[in-house]
Amino acid sequence: MEMSIGPFVAGLLLILVVVILAKSVQIVPQPRALVIERLGRFHTVMYGGLHVLIPFFDRIAARVDLREQVTSFPPQPVITADNVVVSIDSVIYYQVTDPMHATYEIANFIQAIEQLTVTTLRNVIGSLDLEQTLTSRDSINTQLRGVLDEATGRWGIRVNRVELKAIDPPPSIQQAMEQQLRAERDKRAAILTAEGVRQSQILQAEGEKQSAILKAEGQAQAAVTRARGQAEAIGTVFQSIHEGNPTPDLLSYQYLQMLPELAKGDSSKVWVVPTELTAALDSIAKGFNPNK
């Protein structure tokens, strides 16, 4: 019986040694850190790599993620300087820089950051009216980050970025803003339409003016050309007449032939016989009776 107890105890001791060694050896991943306590007091921080703990003396107090993390907070009602209640939800990007302080200086740093964000938001938004709140997100983010980073520095936490996801005014304010935007769009559309009509009328008037000018210039050129042609024709006729040396009888006969053409005009209601007609008739008579 004693022979059977010895190997059993030895096996138990071996198992105990293996368990103790397994608990003593810790492999810490690169983006992690272990906060180690020895006999109930803070001892050290173990970062990425292989580490050995003293059994029954050392224990792991906290496992801390050293990567940048993001936390979204639910919407919070905030009152602006012009007494408008807006709903703001925010996002915080933070990173643990000191695992020891993050473990011992604050019990729940996520909850602490959330409450600090809410109070800081109320202080910042309370000094702005609604329009400034909606158009000053970058300024609000910068102020929030400055306040949070200063407050969380002693906790071993660095706030990298603060973003406001949404700023929602009350439904009545949203409807009024939409109506205002619609009125502004309609106003701009009316102005653009009126400007287009004005430009169209100006261009049309300029086109008509240019057309009238070109038409008048064309008529003037045509009149000059006709007058020049008539002058040349008259000059040619007179030159031909002078070169032909016509007799007075021939000229008188041609004059009589043109008289009926002069009387064909629509405005010729009264035909006055010129004094040259008697002289022409006298010349014709002398032509037929040269003895007189």
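## A walk from the aromatic pairs to the core

Start by selecting Tyr-94 and Phe-109: both are buried (under 20% relative accessible area with a 1.4 Å probe and protein chains only; over 50% is exposed, and in between is partly exposed). Before going on, note that this is a predicted model, where local features need pLDDT of at least 70, side-chain atom pairs count only at pLDDT 80 or more, and totals for chains, interfaces and linings use all residues. Residues are numbered from 1 along each chain as its sequence is written, and side-chain values use heavy atoms, with hydrogens and water left out.

**Aromatic pairs.** The structure has two of them (ring centres of Phe, Tyr or the six-membered ring of Trp within 6.5 Å; planes under 30 degrees apart are stacked, over 60 edge-to-face, the rest tilted). Select Phe-42 and Tyr-104: with centres 5.8 Å apart and planes at 75°, this pair is edge-to-face. Phe-42 belongs to strand 3 (residues 41-46) and Tyr-104 to helix 2 (residues 99-104), so the pair ties together parts 62 residues apart in sequence. (Helices, H or I with at least four residues, and strands, E with at least two, are DSSP runs numbered from the N terminus.) Phe-42 is partly exposed at 36% relative accessible area, and Tyr-104 is partly exposed at 35%.

Now back to Tyr-94 and Phe-109, also edge-to-face: 5.9 Å centre to centre, 75° between the planes. Tyr-94 is in strand 8 (residues 85-96) and Phe-109 in helix 3 (residues 109-125), so this pair ties together parts 15 residues apart in sequence.

**Glu-37.** Pick Glu-37 in strand 2 (residues 32-38). Glu-37 counts as buried, at 9% relative accessibility. Its side chain makes a polar contact of 2.7 Å with that of Tyr-104 (N or O atoms within 3.5 Å, one able to donate a hydrogen and the other to accept it within protein; residues adjacent in sequence count only if both atoms are side-chain atoms).

**The core.** Next, select Ile-88, Ile-92 and Ile-140, the residues with the most contacts inside the largest nonpolar core, which has 35 residues (buried Ala, Val, Leu, Ile, Met, Phe, Trp, Tyr and Cys joined through side-chain atoms within 4.5 Å). Which element gives the most to this core? Helix 3 does, with seven residues. Domain 1 (16-63) and domain 2 (66-168) both contribute, so the core lies between them; the domain bounds come from an automatic or database assignment.

Last stop: a second, separate core of five residues, including Val-28, Leu-34, Met-46 and Leu-53.
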